[in-house]
Amino acid sequence: MKVKGVLLDMGGVVLEMAGARGFPVERLDWRGREAMGRLIRAEGGRLSPDDLEDLLFTPWHLDYLRRVEMGREATWEPHLERLRTVVGISTSDLQLLEAWFRPYGEQLRPIAGAVEAVHSLRSSGLELALVSNVPLPGALYDQVLQGHGLLESFRSRRYSYDCDTRKPSPALLRAALTDLDVDREAAIMVGDRRDRDIAAGRSAGIATVWIRGEFDDGPVADIDIGSLAELPGLLQSWNDA
Ligand SMILES: [Mg+2]
């Protein structure tokens, strides 16, 4: 098997994602809400103390819990629209979400060795794609990748929020293969969750590499590695064999 394309999960593979769910919780949630409140007031909005909770975060979170069960992400649009109407602003969805996300996004870091591994894979001529389950628009995570010099390495980035489908559905992986113009027989899927990443890879008929860790429920991968740093060497020997 000659590998031409590598599909990578993001959280736990390329980036450390605090909380593993990809959105702000606890202290970072509160700091983000403060920033969103400042933005709304700066835009002339009349914000009461409970508005963000009642109009936006509680209804979104209920949608989130229900939609994840259905293999989808919860859309923010109806909740942001309700908030805008009540507080009297016209600020865009992305600006509002960016204000909330930024304190969280700023503390996301690449996993040790991941930047070097990504650059090594890319410089060996492999086509790279990110396939990631995230509950917010992909543009926010693109900014994080950009800040760590990772964005340009991924010709395709398929985020569940933008594609309305989540792993373990194979749909994100299939879309990424089309973006890269790589056949499934010449691709591998790398992820840290066997129930999502490895399951999605197997459904898509792609060889799978599991990054060993706590998420070990689910189908067994073709190969296990300890971290992404091991992947360039593994593929080198694979392609030389
Ligand atoms: Mg992951």
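**Reading the model, feature by feature**

Author: Let us begin with a residue at the surface: aspartate 181 is exposed, with a relative accessible area of 70%. The terms work like this: buried means under 20% relative accessible area, exposed over 50%, and partly exposed in between, with a 1.4 Å probe and protein chains only. Before we go on, note that this is a predicted model, where local features need pLDDT of at least 70, side-chain atom pairs count only at pLDDT 80 or more, and totals for chains, interfaces and linings use all residues. Residues are numbered from 1 along each chain as its sequence is written, and side-chain values use heavy atoms, leaving out hydrogens and water.

Reader: Where does aspartate 181 lie?
Author: Aspartate 181 is in the loop between α8 and β6 (187-191). Its phi is near 60 degrees, a positive value in a residue other than glycine. Helices (H or I, at least four residues) and strands (E, at least two) are DSSP runs, numbered from the N terminus.

Reader: Which helix holds glutamate 26?
Author: Glutamate 26 belongs to helix α1 (residues 26-42). This residue too is not a glycine, yet has a positive phi of about 50 degrees. Glutamate 26 counts as exposed, at 63% relative accessibility.

Reader: Which peptide bond is cis?
Author: The one from lysine 167 to proline 168, with omega near 20 degrees. Proline 168 sits in the loop between α7 (160-163) and α8 (171-180).

Reader: Now the sheet: in what order do the strands come?
Author: As a general idea, strands of a sheet pair through backbone hydrogen bonds, either parallel or antiparallel. Two strands pair if DSSP finds at least two bridges between them. Here six strands form an open sheet, ordered β5-β4-β1-β6-β7-β8, with parallel pairing. At the edges are β5 (156-159) and β8 (223-225), each pairing on one side only. For a close look, take β1 (residues 5-8) and β4 (residues 127-132), which are joined by four bridges; leucine 8 has leucine 130 in β4 as its bridge partner.

Reader: At what angle do α5 and α10 cross?
Author: Axes are lines fitted to C-alpha atoms, for helices over the stretch in contact, and angles run from 0 to 180 degrees between N-to-C directions. The axes of α5 (residues 114-123) and α10 (residues 231-240) come within 9 Å and cross at roughly 25 degrees. The two helices are therefore roughly parallel (angles under 35 degrees; over 145 is roughly antiparallel, 65 to 115 roughly perpendicular, the rest oblique).
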